[in-house]
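Subject: Handing over a structure

Hello,

Here is the structure I promised to pass on to you. Have a look at it first, and then read on for my notes.

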Amino acid sequence: MFSVRRRGAARLAAATAITGLVAAGAIAVAGPAMADEGAQGGATATLGNLKIFDKVVIKDSDRTVSAGLFQMDVNSGGSIQTYCIDLYTGAKTGQEYKEVGWDQSSLHNNSDAGKIRWILQNSYPQVNDLDSLAKKAGASKLSEKTAAAATQAAIWHFSDKVEAVPVDADAAKLTDFLEKNAVELAEPSASLSLSPSSVAGKAGSRLGPITVDTNAATAKVSLAPGAPAGVKIVDKDGKVVTDVVKGSQVFFDVPAGTADGAAELTVQANTTVPIGRAFVATKTKSQTLILAGTSTSTVSAKASATWAKQGAVPSVTAEKNCAKGGVDITLANKGDEGWDVDLKGVKYTIAGGESKTVTVPVAEDEAYKFTITGPNGFEKVVEGVLDCKTATPGPTPSETPTDTPSPSQTPATGGSTSGTTGGGDLAETGSSNATPMIAGIAAALVVIGGGAVFFLRRKKPAGQ
C-alpha cells in the first residue's frame, strides 16, 4: 500500500500554519469552542500495521515493496481494512484518520476513481472465495497474501499511474485481470453526515434545519452536555426527537429568554462504512487510504448552533476544496448587525441575514488551523491537513542527505512504540523490513530553534 517516499517540496507542518481571527462586538455569554470540517461525519479510525501483504515490483523505479491490507480500529467501535491510494507517501501508525468523500482526497480529479471502486468490489477481501477468484483470473492458486498484493497493485495502476507487478506469478495474473476488466462505478455515499454543521439565530425560535444523510437504518441524536436548560432537539413540527433516518431534518429549539450562547448535537449510528470511501489523516501528512473491508462500526457526526438577542449571530462551516487548493469557509450571519471577519489578512463584512463562502488557499500537505471568533463568546476552530494529490517518487538514494534516517528509523509520532513500526513511517508498503534500495527515502529534519517539523515532499504539478 505504499513505498515510504517523502514529498519533494519543503512544507511547514506546524499545527498552527494558518490562523484566521475575527474581532466583532463585546463578549457576553461565552459558548463552547467547536471544531468544524463542513458537513463531515462518519467513521474515525486509527491506523494500525500492514496485516495481509506480499511483495510487488514497481516497474518505473524497479523497487520491490510490500503491498496489501492495513488494519484500522474505528475509534468508537469496530474495525476496517484499507488499501493505499498514494504509493509514494509514508504511512504513520497510530495516526487518526477520518472518512471523506473523493472530492476531499487525491481521487478528486482522478478519472479512474470509479475503476478503483470496481476492483475493491470484485477482489479480495470482498471476494473471499480465492479458488473462484483464481479461476476468473486464469491463475492456479491464490492465498490471502498474494490476493491482497495483487489487488493493491491493480489499485496503484489507477491511483498512482504506475505499473506494479506482484512477485508471485499467480498474483500477477490477478492484477492483470483486474486492470483489464475494471469499469467505472459511482462514488459511495457517506456512512453519516450532517448538513450544515453549524446554524444560528435568535432565542425563541427553531434553529436549522440540519439534514441527516446516512446509510444506517436509524441513528440516535442527542444534545451534547453543557447545553443551556430548556434547549431541545426537535423536528419541523417541534416534537422532540431521539431517532433519525436518512433525510431527517432536525432543529435546535431554543426557548425565548434563553441567555445568548451555543449548543451542540451529536448523531451516532451503528453501520457498515461503504466500500470505496476514502480515509485521510487528520493531524499530519500520512498516506491516503481507501476502504476495502469493514465490520459494523460506530460512526458519528456533530452540528452546532449559536444564538443571541441582538447584534451579529455568526455560524461557520468549512470544507476542503481540492479543486481550488484550499479550504472553503462559509460565513453566515443570522443577526441584525454586520459581522467583520479577517481571514488570512483579507477583511470581509457579513451583513445581517447574509452568507458568504470564501476559499482560503492552503499549500498542499500543509497543516492548517483557523480560529474564528465572534460576539457572545463565539469561537470556531477549523483544522486539518490539505492532502489532495498523490506524491511522485522522491530523490534517489544518491540525492538523499547522508544524515537522513531510513524509513524504519523515523521516530514515532505519537502512536504505539511497540513492535517494529511503532508510530513512525511504515517502511515500503507498511512492512518494517526496509531494503537498502529504499533506505534513504524519508527525510525528517528537526529544526531545534523553532521546534517546527518540515517534511520533504514532491507533489505532482497541479491539474495532473
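Where in the chain is Asp62 placed? Asp62 sits in the loop between strand E3 (44-58) and strand E4 (63-74).

Before the rest, a word on the source. This is a predicted model, in which local features need pLDDT of at least 70, side-chain atom pairs count only at pLDDT 80 or more, and totals for chains, interfaces and linings use all residues. Residues are numbered from 1 along each chain as its sequence is written, and side-chain values use heavy atoms, with hydrogens and water left out.

Now the overall picture. The chain has 4 helices and 27 strands; helices (H or I, at least four residues) and strands (E, at least two) are DSSP runs, numbered from the N terminus. Of its 464 residues, 55% are buried. Here buried means under 20% relative accessible area, exposed over 50%, and partly exposed in between, with a 1.4 Å probe and protein chains only. Among contacts with a separation of 6 or more, 74% are between residues 24 or more positions apart, where contact means heavy atoms within 4.5 Å.

Most residues other than glycine have a negative phi, and most peptide bonds are trans. Asp62 has a positive phi, near 55 degrees, and counts as exposed at 52% relative accessibility. Asp365 also has a positive phi, of about 75 degrees, and lies in the loop between strand E23 (355-361) and strand E24 (367-373). Asp365, however, is buried, with a relative accessible area of 1%.

One joins Ser195 and Pro196, with omega about -5 degrees; Pro196 is in the loop between strand E8 (192-195) and strand E9 (198-201). Another runs from Gly208 to Pro209, with omega near 5 degrees, and Pro209 belongs to strand E10 (residues 205-214).

Finally, helix H3 (residues 144-159). Its end C-alpha atoms are 22 Å apart, which agrees with the 22 Å that its 16 residues should span at 1.5 Å a residue; the expected span is 1.5 Å times one less than the number of residues. In H3, 13 of the 16 residues are buried, so the helix is largely enclosed by the rest of the structure. After H3 comes Lys161, with a positive phi near 60 degrees.

Enjoy exploring!

Best wishes
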